[in-house]
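Please read them with the structure open.

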Amino acid sequence: MSGWLAIAGLGPGDDRLVTPEVSQVLAQATDVVGYIPYVARVAPRPGLSLHPSDNRVELDRARAALEMASAGRRVVVVSSGDPGVFAMASAVFEALEGREDWQALDIRVLPGITAMLAAAAAAGAPLGHDFCCINLSDNLKPWSVIETRLRHAARADFAMAFYNPRSASRPEGFAKALTTLREECGPDRLITFARAVSTPEQRLTTVSLGEAMPEMADMRTVVIVGNSATRRVGPWVYSPRSAR
Ligand code: SAH
């Protein structure tokens, strides 16, 4: 039997937000590969091997998955949210560079609901006008790049969604980001902290930039900063369809 590789997004947490396409491919898989907590979301069954691995070995994990697919296995590489957003899809394509044997494999990317979209829906519609999305982790890029992108995005009046805002190993980065945002956007701009969206621990908090504190974010939080027109209506936050 010929093997294949699917790179699938599991959505933000709630099983109902896993697409039918992803459920179907998981039901056909012989092997599931991914970061430990994401593989833990896949129900074990006879005939399915689970291969959980640590977070910092993305390329090794991608190569192991490609190796299994070329040996005839039906492999699903899982990410949370969408696999193309700060996740495994790019790592798999990077592993394909220079490997024509692997490039000939049956490889598919199956989209998922990414954290910022689930968070925006829970808050209202803060991404209803033009927006951008920035990974605040400086593991894979220098902080100066993050700072430049923050300033340009703010000056262009994009709403902004931030992934990986703050971790125990880099607690000071998000504080710096808040300082930069206050300089560019002023203290009244709305900022939403959306933690563990679509899970029982979901928590949504919207404050002004002036009130925002670094501790409001952790690695399970996606942060959304509005544009200059983003406002509250009742319990909701939204960005109007037209720019000012
Ligand atoms: N591929 C994933 C993102 C991986 S990066 C996606 O498309 O969603 C991991 C970051 O995603 C976390 O640090 C956090 O910022 C965000 N995130 C993932 N799941 C989340 C959830 N349920 N609620 C809030 N943020 C989440």
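1. Which polar backbone atom is 3.4 Å from a nitrogen atom of the ligand? In this predicted model, the atom belongs to arginine 220. The protein covers 91% of the 550 Å² of accessible area that the ligand has on its own.

2. A polar backbone atom of valine 85 is 2.8 Å from a nitrogen atom of the ligand. For serine 80, the distance from a backbone N or O atom to a ligand nitrogen is 2.9 Å.

3. The shell around the ligand has 19 residues. Those that come nearest are Asp82, Val85, Thr114, Met219 and Thr221.

4. By class, twelve residues of the shell are nonpolar, five are polar and two are charged. The ligand takes up the space of the largest pocket.

5. The protein is divided into two domains: domain 1 spans 4–113 and domain 2 spans 116–238. Their C-alpha centres are 28 Å apart. To the contact between them, domain 1 gives eight residues and domain 2 gives ten.

6. Why is the ligand said to lie between the domains? Domain 1 (4–113) and domain 2 (116–238) both supply residues to the shell around the ligand, so the ligand lies between them.

Note on methods: Residues numbered from 1 in each chain as written. Predicted model: local features only at pLDDT ≥ 70, side-chain atom pairs only at ≥ 80, totals over all residues. Heavy atoms only, no water. Near = heavy atom within 4 Å. Polar contact = N/O pair within 3.5 Å; in protein donor to acceptor, adjacent residues only side chain to side chain. Areas by Shrake-Rupley, 256 points an atom, 1.4 Å probe, with all protein chains shown as cover. 1 Å grid on protein atoms, 1.4 Å probe; cavity = no way out; pocket = protein on both sides within 12 Å on 5 of 7 lines; lining within 4 Å. Sits in = over half its atoms within 2 Å of the grid points. Nonpolar A, V, L, I, M, F, W, Y, C, P; charged D, E, K, R; others polar. Domains from an automatic or database assignment. Contact = heavy atoms within 4.5 Å.
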